[in-house]
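Here are my notes on the model you sent over. Have a look at the structure first, then go through the points below.

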Amino acid sequence: MNILCAGLNHRTAHLDVRERFAVRDSEMEDLLGRLRSIEGVSGAVMLSTCNRVELYASSLCPMRALEGFRTILSERAGVEAPLYHHATPQAVRHLFRVASGLDSMVIGETEILGQVKKAYSVAADAGTATRPLHKLFQHAFRVAKSVRTETQITSGPTSVGSVAVELAGKIFGSLEDRRVMILGAGEISERTARSLQSRGVRSVIVSNRTYERAAQLAAEIGGMALHFDHWEKSFADIDILISSTNAPHAILTPEKLAPLLKLRRGAPLFVIDLAVPRDADPAINEMEGVFLYDIDSLEQIAALSLDIRRQEVVRCESLIEQHVGGFISWMRSIHAPESHPFRRTA
Amino acid sequence: MERIALLASTLCYLFSFGHTLYILGAGRFQPGRFNFLAMALGALAQTWYLCLRGAAEHSCPIGNLSETLIFLSWSIALIYLVIGTAYRLSLMGAFTAPLVLLLQIIALLLPSEVHVSFFRPNPWVETHAALSLVAYGAFGLACVAGLMFLVQEGQLKSRRPAPIFHHLPPISILSEATMRLLWIGFLLLTLSFISGLLAHLAVAGAKFLFSLLIWLIYAAILFAAKSGRLGGRRFATAVSLAFLLALILLPVIERLSGRA
């Protein structure tokens, strides 16, 4: 018995191509049934995310399984599927790397593990997961957990939004009762505000020079619009200020903030300055209780986290290698050794 | 036996501190159960020592500076075990262990003779002395939380946080914990003064004035913080400096105390 992995991902196919081969949840059961009907395929698990479409199959004849998979995918998409493929043990190693987030666009991201679990669950419910596949996926979940706990592969936030969320968490703890003000309704401000909302922020005030744009964004994110001339009046009540106006000079200066901070009675203020040129004078970071982060500092933290993650890859690979060995030993123990060499061809 | 109990507790705190240094060096930043267990065992061994001493002296074992420091480090460890569990303040043990260990080592280096009391101890005097030191313990842990605040605040201000930043608690939580510990310490110290009055202890002289000075300093810090005049950083700095001053004055108060 061999394990076959075949598919396409963000490295081998552009988004235009990937979206043609993506499989919707509603189509999954039917597709799994068709895959299982390929000659030589005993079991199949299909993983379809925004970054990858992959088949994991248990098969006595991987080449036939691969050709059958290619034909089915190409027929669905109407174009030839540019597939890569691996057989045992590379297929095992590949799944362990995928589940651990090592093969993701952002190294160490954890969302993929949930997607792998879901793919396995769908196949198990559809009855297309055979014993080797059950064992393989259960093992992959253990590997992912082990990699996550024993290394720093998930260390730190890796996007501007997630950095802002982590910093806000380190200042305020829970974000549920925190109030956010957006100054200047730009796209990054909106994304950052949404990231904060995903962590519990409920109250968002949007203020923009064009009131209509503020009202539009406020409606989109469930906030409240405020005339730009009045933003200072709400200053005492807010905890996080996201600023991205088109002002040619700093609008947040120590002189302007000093009287406003007195109204806050020592409560901390997190200023996220996403504007270029900057809206905030860097000197406000020296004021007590004010924590200023501009776009550069947020991106530097994200880059630093990614560096740490990259440095951890070697440790992760070593851990995965041990698990691959363990799984291959298990396969050998239940099957007679296969005598069909299968090499990677793409 | 007393010496064994004391050495055992010191070794436990030393292990906790050493283990913390090791894991911080390894970049793991999660002391976990081992450190907590070591601190708990250390406090247990100290309790054993204090019980033995108390039985030998027929009074609360704070008859000399060595015993006082052991009682103080025991108070800090005990309050940490309660607060650390209740608030789940990560890395607080890493900051508490060195302080407790330092007090314990100083206590070990000082002479510590048993002073057997042949008179029946006045319960109000015992309560007064014990409450004062437990209050100091709360102030000590407030100082630890304050120092953690300063480290975390410095990380946030730097805009290039080191890996430890991800493992320290949020500054608002640290500020809240510091404030609560300060209130606990302040109330205990006030109760200690009341029990001192009930024991008819002298309300004049250097010992009383030094004790009153510490009470007034903490009262001023609490008032300033509550009225919004003392922001996070200055509050944490004031709490840390106040405990440093209290530690400096402790031997003076101990020497001036009639119990010595």
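1. Domain bounds here come from an automatic or database domain assignment. On that basis chain A splits into domain 1 (2-150) and domain 2 (160-300). The C-alpha centres of these two domains of chain A sit 42 Å apart.

2. Before the interface, some housekeeping. This is a predicted model, where local features need pLDDT of at least 70 and side-chain atom pairs count only at pLDDT 80 or more, while totals for chains, interfaces and linings use all residues. Residues are numbered from 1 along each chain as its sequence is written, chains are lettered from A and ligands numbered from 1 in the order written, and side-chain values use heavy atoms, with hydrogens and water left out.

3. Now the contact (heavy atoms within 4.5 Å): chain A puts in 26 residues and chain B 23. About 2000 Å² is buried between the two chains, and carbon and sulfur atoms give 49% of that area. Buried area means the accessible area (1.4 Å probe) that two parts lose on being put together, summed over both.

4. On the chain B side, the elements giving two or more residues to the contact with chain A are helices H5 (123-158), H6 (171-198) and H8 (232-256). H5(B) has the largest share, five residues. Helices are DSSP runs (H or I, at least four residues), numbered from the N terminus.
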